[in-house]
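Here is a short tour for anyone who likes to see how a chain packs. Please open the structure and follow along.

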Amino acid sequence: MMHPFSYAKVADVDDALAAGRRGGRYIAGGTTLVDLMRENVERPAELVDITALPLREVTATSGGGLRIGALVSMADAAAHPKVRATYPVVAQALELSASAQLRNMATIGGNIMQRTRCTYFRDVTAACNKRRPGSGCAALDGFNRGHAILGASDQCVATHPSDVAVAFAALEATVHLLGPDGERRVAFADFLLQPGGTPHQEQALRPGELIYAVEIPAHPRPLKSGYLKVRDRQSYEFALTSAAVALHVRGGVIRAAKVAAGGVGAVPWKLPAVERLLVGERPSEALWAEAAVRAADGARPLRHNRFKIELLKRTVERQLRIVGGMK
Ligand code: SF4
């Protein structure tokens with residue numbers, strides 16, 4: 001049985017922030033939160049419906065970047081001509097996520113806030129430090145095939161489930177927040193938190209803060225980009241591994257490389273060692289293979305997910321070849 005809660009729909013940002021200040025939980029598409037409330041994993045006392053707020057625009061920024069409002073649906077973001085033209089990696093990551101119905105409901109803000117798919121997290125009878133701090137982690141000695149090999153801790157080994165967050169991490173996006181203390185911007189790399197000793201703290205949000213947009217900075221043009229997702233089934237499945245790659249090649253030389261991996265990290269996993277190896281080089285089969293080897297630097301596999309190390313390298317190599325060409 002679901003716990004009782006109050007519900008209010010707000011019409012402007014100030015009302016939303018006032019409700020957030022008194023502890024209300026923001027809800028938009030509801031595709032994560034309502035599920036978790038049904039399973040009694042989350043029990044908010046007050047829901048604040050923010051769907052009427054004017055946060056549904058996709059706009060080009062003056063420098064050549066892109067700002068996506070927090071309430072833009074996944075489907076609308078994926079179909080938007082500016083997104084498709086400038087950052088295909090974002091459109092592809094969205095299209096490879098969830099079902100068409102979910103993509104119509106779920107928002108960009110909600111997508112990056114979604115919670116792990118770790119089965120023990122969703123089973124209220126299991127030990128889970130993320131759901132109940134200090135209770136332990138059933139996944140450490142349990143079935144951990146889908147869990148993280150990078151950025152995990154002895155408190156939590158869950159992966160972050162979002163695909164588009166991997167594209168945002170690769171492209172070094174910024175999360176724009178509004179809160180009781182005004183507006184602030186947080187680099188995507190600092191927004192989603194690694195578990196460490198506090199796996200229940202997942203984002204760098206202060207009490208009452210609201211995501212109002214995600215901004216992708218301008219990258220040098222031409223920029224080729226794309227997203228590859230490897231999973232057990234062809235659809236409606238979370239990634240075993242994934243790779244978001246963006247390359248700027250001029251005069252036959254890679255001038256900029258942005259690469260991140262999904263399905264393997266406690267958070268979307270940026271791959272700076274891979275990026276460094278690519279920049280200044282000429283695209284070649286040998287280069288893709290050499291760079292991909294670095295993708296699993298620092299990996300710490302669990303009992304059932306050692307296969308992800310090799311799968312991650314192959315996923316990155318393949319996506320470098322797809323985006324960068326076979327020379
Ligand atoms: Fe909970 Fe994290 Fe352990 Fe899963 S991996 S049971 S989410 S603490």
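Predicted model: local features only at pLDDT ≥ 70, side-chain atom pairs only at ≥ 80, totals over all residues.

Let us begin with the cores. The largest nonpolar core holds 68 residues, and those with the most contacts inside it are Val90, Ile112, Phe168, Phe188, Leu278 and Val316. Helix H9 (residues 164–170) contributes the most to this core, with seven residues. A separate core of 15 residues includes Val10, Val48, Leu55 and Tyr212. In general, nonpolar side chains in soluble globular proteins tend to be buried together.

Beyond its neighbours within four places in sequence, Phe188 touches Ile112, Ala165, Phe168, Ala169, Ala173, Thr174, Val175 and Pro268.

Now for helix H13 (residues 307–324), whose 18 residues reach 26 Å from the first C-alpha to the last, close to the 26 Å expected at 1.5 Å a residue. Its buried residues are Lys308, Ile309, Leu312, Thr315, Val316, Gln319, Leu320, Val323 and Gly324. They lie on the same side of H13 because they cover an arc of only 135° around the axis. On the other side of H13, Arg314 and Ile322 are exposed. The buried residues of H13 pack against these elements:

| Element | Residues |
|---|---|
| Strand E9 | 224–230 |
| Strand E10 | 241–250 |
| Strand E11 | 253–262 |
| Helix H11 | 272–278 |
| Helix H12 | 285–293 |

Just after H13, Gly325 adopts a positive phi of about 90°.

Finally, is Thr61 buried or exposed? Thr61 sits in the loop between strand E4 (58–60) and strand E5 (66–69), and is buried, with a relative accessible area of 15%. A polar atom of the Thr61 side chain lies 2.9 Å from the backbone nitrogen of Gly65.

Notes
Residues numbered from 1 in each chain as written. Heavy atoms only, no water. Core = buried A, V, L, I, M, F, W, Y, C linked by side-chain atoms within 4.5 Å. Buried < 20%, exposed > 50% of the residue type's maximum accessible area, 1.4 Å probe, protein only. Helix = DSSP H or I, 4+ residues; strand = E, 2+ residues; numbered from the N terminus. Contact = heavy atoms within 4.5 Å. Polar contact = N/O pair within 3.5 Å; in protein donor to acceptor, adjacent residues only side chain to side chain. Expected span 1.5 Å × (residues − 1). Arc of directions from axis to C-beta.
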